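Here's a quick look at a few spots in this model, with an eye on strands and side chains. Have the viewer ready and follow along.

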Amino acid sequence: MSDPFHQRLHHIAAAGLSGDTAQTSGMRRVEAISGKTVGSKNLWMGQTHVAAHTSSGNHHHGESETAIYIVSGNPSFVFLDDEHGEIRVDTKPGDYIYVPPWVPHREENPDPENEAVVVISRTTQEAIVVNVPDLKWIGPVAISES
């Protein structure tokens, strides 16, 4: 629409979330707000579900900044620190995590019985997901040692 003051709001019900988005092993992403779903230009938002006693594959989100809100469960977020090795950030419902661009990480759900659910929002409209074999990285782009 050419009139930015008279556009409609979009309601995405939980049943309307789409699994047709980039995926990483060990987790399931569902998309709520995107160019595909509502025509957004600069925003992507959805959920990630990690089953009980499961770890995701290693990945990063390219140029996108990612904000994460913990809805349920106690997921851990793991990244590599050159000086201290793997660092685990343990969370609980109500916590937030910020993932800078290009930082390889993985989500782990150590709970033996309950799924972990988080809401994710990204500064790029598309869900950039680059799956990588490990948490090593150089410069702005994660590399693979094949």
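This is a predicted model: local features need pLDDT of at least 70, side-chain atom pairs count only at pLDDT 80 or more; totals for chains, interfaces and linings use all residues.

S76 counts as buried because its relative accessibility is 1%, and the cut-off for buried is under 20%. Setting aside neighbours within four places in sequence, S76 is in contact with R88, V89, D90, R106, E107, E108 and P110.

Next up is G85, found in strand β7 (residues 85-90). G85 comes out at 24% relative accessibility, so it counts as partly exposed. Not counting residues up to four places away in sequence, G85 touches F79 and L80. G85 and L135 are 50 residues apart in sequence, and their C-alpha atoms are 9.8 Å apart in space.

Now for strand β10 (residues 116-122), which is mostly covered, with 5 of its 7 residues buried.

| Strand | Partner | Bridges |
|---|---|---|
| β2 (residues 44-50) | β10 | 7 bridges |
| β5 (residues 66-72) | β10 | 6 bridges |

If you want to see who faces whom, H49 stands opposite V117 in β10, while I70 stands opposite V118 in β10.

Conventions: Residues are numbered from 1 along each chain as its sequence is written. Side-chain values use heavy atoms; hydrogens and water are left out. Helices (H or I, at least four residues) and strands (E, at least two) are DSSP runs, numbered from the N terminus. Buried means under 20% relative accessible area, exposed over 50%, partly exposed in between (1.4 Å probe, protein chains only). Contact means heavy atoms within 4.5 Å. Two strands pair if DSSP finds at least two bridges between them.
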